[in-house]
Amino acid sequence: MMTSVDADLIRVLADPLRLRIVTLLARETLCTTHLVEETGARQTNLSNHLRVLREAGVVETEPCGRFTYYKLRPDVVAQLAGQFADLAESARTAADNKRACP
């Protein structure tokens, strides 16, 4: 049973704007222009956050003419969810384990 969670991925998703981007991309594939409209973030700031998400493997790009579309990689989110589920199960089974103090 795995009980560790990908700390790097959690750091990536801990940023409120990146989490908002991931939430939006969970609903549909969007280009940068759409994401600027939806989040109100500046294009350069948004592009930096998208780069971080892309480098972490959370999103992938799809060129379409002069636009770049972004889509969420559900397998990455599912893997992280599975790690948290394993952690919760470990906590359930360890609830009665108590180490004696010296």
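Predicted model: local features only at pLDDT ≥ 70, side-chain atom pairs only at ≥ 80, totals over all residues.

The points below take the salt bridges in turn and then the strands.

1. Count of salt bridges. How many salt bridges does a search of the whole structure find? The search gives 6.

2. Asp8 and Arg11. These two side chains form a salt bridge, with 2.6 Å between the closest N and O atoms. Both residues belong to helix α1, which covers residues 7-14, and because they are 3 residues apart there, about one helical turn separates them. Asp8 has a relative accessible area of 52%, so it is exposed, the cut-off being over 50%. Arg11 is exposed as well, at 53%.

3. Arg51 and Glu55. Here the closest N and O atoms of the salt bridge are 3.4 Å apart. The two residues lie in helix α4 (residues 43-55), 4 residues apart, which means a separation of about one helical turn. Are they buried or exposed? Glu55 is exposed, with a relative accessibility of 58%, whereas Arg51 is partly exposed at 35%.

4. Glu89 and Arg92. A salt bridge joins these side chains, at 3.1 Å from N to O. Their helix is α5, residues 74-93, where a spacing of 3 residues puts them about one helical turn apart. Glu89 is partly exposed, its relative accessible area being 33%. Arg92 counts as exposed at 57%.

5. A network. Which residues are linked in a network of salt bridges? They are Glu60, Glu62 and Lys71.

6. The sheet. There is an open sheet of 3 strands, paired antiparallel in the order β1-β3-β2. Strands β1 (30-31) and β2 (59-64) are at the edges; each has a single partner strand, so one side of each has no neighbour in the sheet.

7. The pairing of β1 with β3. Strand β3 spans residues 67-72, and its antiparallel pairing with β1 runs over 2 bridges. Leu30 is placed opposite Tyr70 of β3.

8. A helix on the sheet. Which helix lies across β1, β2 and β3? Helix α2, made of residues 16-27, does so, and the angle at which α2 runs to β3 is about 90°.

Conventions:
Residues numbered from 1 in each chain as written. Heavy atoms only, no water. Salt bridge = Lys/Arg side-chain N within 4 Å of Asp/Glu carboxyl O. Buried < 20%, exposed > 50% of the residue type's maximum accessible area, 1.4 Å probe, protein only. Pairing = 2+ DSSP bridges. Contact = heavy atoms within 4.5 Å. Axes fitted to C-alpha atoms, helices over the stretch in contact; angles between N-to-C directions.
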